[in-house]
Protein chains: 2
Amino acid sequence: MSLPLPAIVLVRPQLGENIGKAARAMLNFGLTDLRLVAPRDGWPNPSAGPAASGADIVLEKAKVFETVADAVADCAHVYATTVRKRGLVIPVISPEQTGREIHANDGPSAILFGAERSGLETEEVALAGKIVTVPVNPDFRSLNLAQAVILIAYEWSKHVELAVPTEGEPEEPRATQAHLEGMIGQLYAALEDAHYFHPRDRTPATKNTIRTILTKAGWSTREIQAMRGIIRALVEPGGRPRS
Amino acid sequence: MSLPLPAIVLVRPQLGENIGKAARAMLNFGLTDLRLVAPRDGWPNPSAGPAASGADIVLEKAKVFETVADAVADCAHVYATTVRKRGLVIPVISPEQTGREIHANDGPSAILFGAERSGLETEEVALAGKIVTVPVNPDFRSLNLAQAVILIAYEWSKHVELAVPTEGEPEEPRATQAHLEGMIGQLYAALEDAHYFHPRDRTPATKNTIRTILTKAGWSTREIQAMRGIIRALVEPGGRPRS
């Protein structure tokens, strides 16, 4: 079964700017279903667009509702973000668990976020099957609305294939031991010529130290080639590196 | 060993408001070590305080530096947040891995965040041992500065209570970035003398490669001392290593 994307429900949001930022946070992690319950300054709100920084599609598709119950009517699983349980007997889970659960749910999910200052009403939390609490610094709990949204969206996105990692080249595999030995041999020879090993009776221990240093670096074949060029350049100043 | 809190390093941040929001995001998850590299509008910035929403202590303690190298000089592990690898051969990890790693590291960590629009310079990324990439929607990548900060801080905070030092023989702690810089500077100078950098227009790329090779090695202070002695010996044959 293919589930619809979870809905982000902002309940009585005050500032248009925060609605825009929430939209941006959603789209960063692939969410697009924004629902607004009784936004204080009406809708559309001219402050929302600039704050969305290009996430206009989320704002354009946003739906407005009068009550939380209306906003989540088509959803099968409702989560309420809050730091207070208010005596409700509802399981409390982390954003991480929420992100995982939503993908495993057997129907559409919605996550409720309260107004900037006042949060959700107890009656609104009671609509939810689970409470989501972001574990924050107990001495500084004031999590901004868009930041609460981004943490949930981020955790949700961890379980989505579309989460694309960094562009660019694959990492280079580590060089073989033979390549490493070649470089170490070259360096030992250069250091012998430079009369580095002194006193002689400590040479084996010194060589072991050098070997350890160069082995733990874990270089690729290309990096070992570069190091060999560097050693060559230092030993034969004026020589050109072979590329 | 008790590690200091990781440093959040904002590189050339433009808006004071974003610095304030980053400070708020940090304190939400218990981070307080904010470092600013060449903030565009100077420091202190009157727009930062209101945006910090009470995280004033982070702003008051913020330190200002001229370069990234200065800002991370006392750190042993540097992470650069970016979405592009720019041809650098540096491992790329997720915020989740970053949060886990920082607790397991054998020295202080710093995480670099680039300017709002332009991000980090390639030379700045090359200072880092690892790249951190937040996997975002490929069609909408513009992650806001404070939101990038909060995701890293959030992942870090997940391990705050479980962070337990490993038993056993303590390994040598990794050298600080300043020690590493000293060796890299010595090698660059020696290679200049040896006319290694040729052609000249490829010098910055070559230097980045060398920096990456030496950073990823993860050497201890003692090992870096040994490497400096080796470079000296190759450059001045017949000289004795100072023990």
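1. Asp33(B) and Arg35(B) form a salt bridge, with the closest N and O atoms 2.9 Å apart. The term covers a side-chain nitrogen of Lys or Arg within 4 Å of a carboxyl oxygen of Asp or Glu. Both Asp33(B) and Arg35(B) are buried. Buried means under 20% relative accessible area, exposed over 50%, and partly exposed in between (1.4 Å probe, protein chains only). This is a predicted model: local features need pLDDT of at least 70, side-chain atom pairs count only at pLDDT 80 or more, and totals for chains, interfaces and linings use all residues. Residues are numbered from 1 along each chain as its sequence is written, chains are lettered from A and ligands numbered from 1 in the order in which they are written, and side-chain values use heavy atoms, with hydrogens and water left out.

2. The side chain of Asp74(B) meets Arg35(B) in a salt bridge at 2.8 Å, N to O. Asp74(B) lies in the loop between helix H4 (68-71) and strand S4 (77-81) of chain B, and Arg35(B) in strand S2 (residues 34-37), so the pair ties together parts 39 residues apart in sequence. Helices (H or I, at least four residues) and strands (E, at least two) are DSSP runs, numbered from the N terminus. Asp74(B) is partly exposed, with a relative accessible area of 41%. Arg35(B) is buried at 6%.

3. In chain A, Lys21(A) pairs with Glu17(A) in a salt bridge, the closest N and O atoms being 2.7 Å apart. The two are four residues apart in helix H1 of chain A, so about one helical turn separates them. Lys21(A) is buried, with a relative accessible area of 16%. Glu17(A) is partly exposed at 32%.

4. Now the interface. The contact (heavy atoms within 4.5 Å) takes 69 residues from chain A and 69 residues from chain B. The area buried between the chains is about 5800 Å², with carbon and sulfur atoms giving 61%. Buried area is the accessible area (1.4 Å probe) that two parts lose on being put together, summed over both.

5. How many salt bridges cross the interface of chain A and chain B? The rule finds seven. In one salt bridge, the side chains of Lys158(A) and Glu96(B) meet at 3.5 Å, N to O. A network of salt bridges links Glu96(A), Glu155(A), Lys158(A), Glu96(B), Glu155(B) and Lys158(B). Over all chains, a search of the whole structure finds 31 salt bridges.

6. Between chain A and chain B, 19 residue pairs are in polar contact, both residues at pLDDT 80 or more. H10(A) gives the most to the side of chain A that touches chain B, with ten residues. That side divides into 37 nonpolar, 17 polar and 15 charged residues. Here Ala, Val, Leu, Ile, Met, Phe, Trp, Tyr, Cys and Pro count as nonpolar, Asp, Glu, Lys and Arg as charged, and the others, Gly among them, as polar. A polar contact is a pair of N or O atoms within 3.5 Å; within protein, one must be able to donate a hydrogen and the other to accept it, and residues adjacent in sequence count only if both atoms are side-chain atoms.

7. Glu124(A) sits in helix H6 (residues 122-125) of chain A. Glu124(A) is buried, with a relative accessible area of 12%. Its side chain reaches the backbone nitrogen of Glu121(A) at 2.8 Å.
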